Amino acid sequence: MARRYDSRTTIFSPEGRLYQIEYAMEAISHAGIVIGARSKDGVVLAAEKKVTGKLLDMSGAKGQSYGGSGEKIFLLNSNIIGGVAGITADANSLINYARQAAQRHLFMYNEDIPVELLAQRLCDLKQGYTQYGGLRPFGVSLLYAGYDPHYHFQLYHSDPSGNYSGWKATCIGANNGTATSLLKQDYKEDISVADAIELVLKVMSKTMDSTTLGSEKLEFATLTLDAEKKPKAKIFNPAEIDALLHKHGLAKKDEERDVAAPVPSDQTL
Amino acid sequence: MDISFALTGKGYVIVAADTTAARSIVKMKVDEDKIKVLSPHLLMAYSGEPGDTVQFAEYIERNIRLYHIRNTYALRPPSAASWIRRSLADSLRSRRPYAVNLLVGGYDTSTHTPHLYWIDYLGTMSEVPFAAHGYGAYFALSLLDRYHDPEASVEEGLATLRRCLDEVAKRLVVTPEKYKVKIVDKDGVREVEI
Amino acid sequence: MSSIVNNIKDKVTGKDNSSKQNQESEQTFTIQPHPAQKTNDPRDLQGNNFAADPKVGAFHAREPYIPPPEIKNNLPPAQCTRSREERTRALVLHPSTVLSVHHFPPRQASRYLPNMSIMEYNGGSVIAMVGKECVAIASDLRLGNQALGISSNFQKIFPMTDRIYLGLPGLATDVTTLKETFRYRLNMYKIKEEREIEPQTFAHLVSSTLYERRFAPWFIEPVMAGIEKTPSGAYKPFIAATDLIGCINFAKDFVVAGTASTKLFGVAEGLWEPDLEPEDLFETCAQTLLNAVDRDAYSGWGAEVYLITKDKVIKRTLKGRMD
């Protein structure tokens, strides 16, 4: 019965629902989890990688470069990092759009784009696909972790419908219900960025399918201020992630290190 | 024939502009306000080709306001000035360029610093401690080189401005009789009598 | 007779024939080769001496090609023998010919700037020099409105990457516009390529950006300096300059631009030598700029120098004469 209202993104069902949007959201809830937490002196993003395996060629991944070769966490502008969950190809397209939007703002106003404005730019695009022309909506949710002089550190979430909202700590992807309740439990006001890192890693270790964390399953990034009060984004490379996990006592035991997870056959990550 | 001055001090910018609206050799109006309040902490003195000035200033005013409404916060002075400059630079290479000179003064509430930008009709922009447009510039700039103090209080700043106005009154053949003076600081914009 | 005339001439011009000794001991000058070359042959500045190669020489010949007499004397007479009147009549009669004569309206920007060069409206100069595994680029800091000084802190040199710096002397509005344009284009390049641009590539980006506006140009003559990494891992200094429509000049020694460019050429020609160490290059570059702008009313009011070596960039702001 629902089929009649499925094929078009722009058609409401008799119950007033947009099925394509809901399916897109469903696709995201199978994707690798992305967790973000905001503190007074920084924002933290962590993401679970699903496409792993020892045959996967990671030599092209530069980690720290502007382009980022990560799968889940990207630098959108010098003051904003983004975490994605959903269809990878859609995400790449949105990331490219976000970077262009940020550069256009820099060109027009000679300042880094405010975080909320960038979220709005993407949501305007995403919303368009829920209304016009029989196209498929973007199957991507994003977390935006950023800094601007107006509201300092911020964390936003946007979904395929074009809705966005600001958060102290939130997550997208598989097991987001569990992660959200854990964040709710453990998040405290006025935590420092070090506390936020610990919180995010702890929640990550409890919600991920695998029992122990390692750099081949995890992406991690922080956004803080440098000595000149300029935003400084840091996307951790695998060695740094392992060092961080080790520091927090979440690292793998040595005998488990070589066990690689199989590559999932579907498109979601 | 328009004359405008601006100078920064400790946590404020003073912007002054004469109030004459003239056509040829005739004064048409003597209480024209040529300083627009673009946002709660941003001022813009404009001068140049009559007609272009008001048209361009209102275009800028409305667009800065629109940004404020859309985003709930206003553009910060450096960004606003960059955008205004870009508008003029684009206009320069259009079919009919605006011939408007600007002094943009503002107080950045996020870094707590005053900013002053000298912008001309070509889109030339420079952040400066003090600035002037029109014939007043030839008399006042050297005077400000000598007397301007970036750490001066508002009273001292106004006294320095007073010197500039007196010098123009003394040496310029056609002297405007009245100036409008506005100050922008952490509390926003206010007008002062001088 | 003629000796008498000569004697009178010599008296009038103050020349003294008796002091021949002095004339002979007078200092003589020879033209020394340019420090960057071995001889005075301008072809030495070109990388490949094509003109000397008999195979391809004809295509690179510097002198006009004059055919030998047997060819010259046997040329057929010119085909077109129509009279001037005939040709004029043809021009008027053919509407297509008349239509192809374009009417160019006066340039918009210059409507407000009569009788002056737009390139000299705001003043400012830039110079870049090559050293041993290092380059230096320097500019003055003046922003003027013709003779009136507006700012003594107007930057004209901007970092494009960690080791490419771009100087933009010319019309100040275009300095800002181009600075922002290049920042935008380089950021987009970086996003797409996931790496920094190389100096050679950047020079062509500058060139094409300017040529885009071939018929309504940006009034800027860019000067760039950087260090490029060769495939073997060595570091090679790089400088280049273009004119306002993007014709690139890859130089081996120094490049200059701006209102003091003529003076900069003179001083640089005298002070520069090959393979200067970083600190010597800095001194050479700084002194060249400071002394050249002192002879230019539109440049000066302080200077800044960037010294780029393979592992660091040093920026120094210099005080200059304020007149």
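View 1. Welcome: over all chains, the structure holds 34 salt bridges, each a side-chain nitrogen of Lys or Arg within 4 Å of a carboxyl oxygen of Asp or Glu. C:E180 lies in helix α6 (residues 172–193) of chain C and B:R86 in helix α2 (residues 77–92) of chain B, so this pair joins two chains; helices are DSSP runs of H or I with at least four residues, numbered from the N terminus. The closest N and O atoms of the C:E180 and B:R86 salt bridge are 2.2 Å apart. Both C:E180 and B:R86 are buried (buried means under 20% relative accessible area, exposed over 50%, partly exposed in between, with a 1.4 Å probe and protein chains only).

This is a predicted model, in which local features need pLDDT of at least 70 and side-chain atom pairs count only at pLDDT 80 or more, while totals for chains, interfaces and linings use all residues. Residues are numbered from 1 along each chain as its sequence is written, chains are lettered from A and ligands numbered from 1 in the order in which they are written, and side-chain values use heavy atoms, leaving out hydrogens and water.

**View 2. Where chain C meets chain B.** Here 25 residues of chain C are in contact with 22 residues of chain B, contact meaning heavy atoms within 4.5 Å. The two chains bury about 1,800 Å² between them, 56% of it on carbon and sulfur atoms; this is the accessible area (1.4 Å probe) lost on being put together, summed over both. Three salt bridges are counted between chain C and chain B.

**View 3. Two salt bridges within chain C.** C:E193 pairs with C:R195, with 3.2 Å between the closest N and O atoms. C:E193 is partly exposed at 39% relative accessibility, and C:R195 is partly exposed at 37%. Elsewhere, the side chains of C:R321 and C:D323 meet in a salt bridge (2.6 Å, N to O), and both C:R321 and C:D323 are exposed.

**View 4. Inside the nonpolar cores.** A nonpolar core is a set of buried Ala, Val, Leu, Ile, Met, Phe, Trp, Tyr and Cys residues joined through side-chain atoms within 4.5 Å. The largest one has 44 residues, of which A:L118, A:Y144, B:I84, B:L102 and B:V104 touch the most other members. Helix α2 (residues 88–109) of chain A gives the largest share of this core, seven residues. A second, separate core of 39 residues includes B:L116, B:W118, C:L210 and C:F238.
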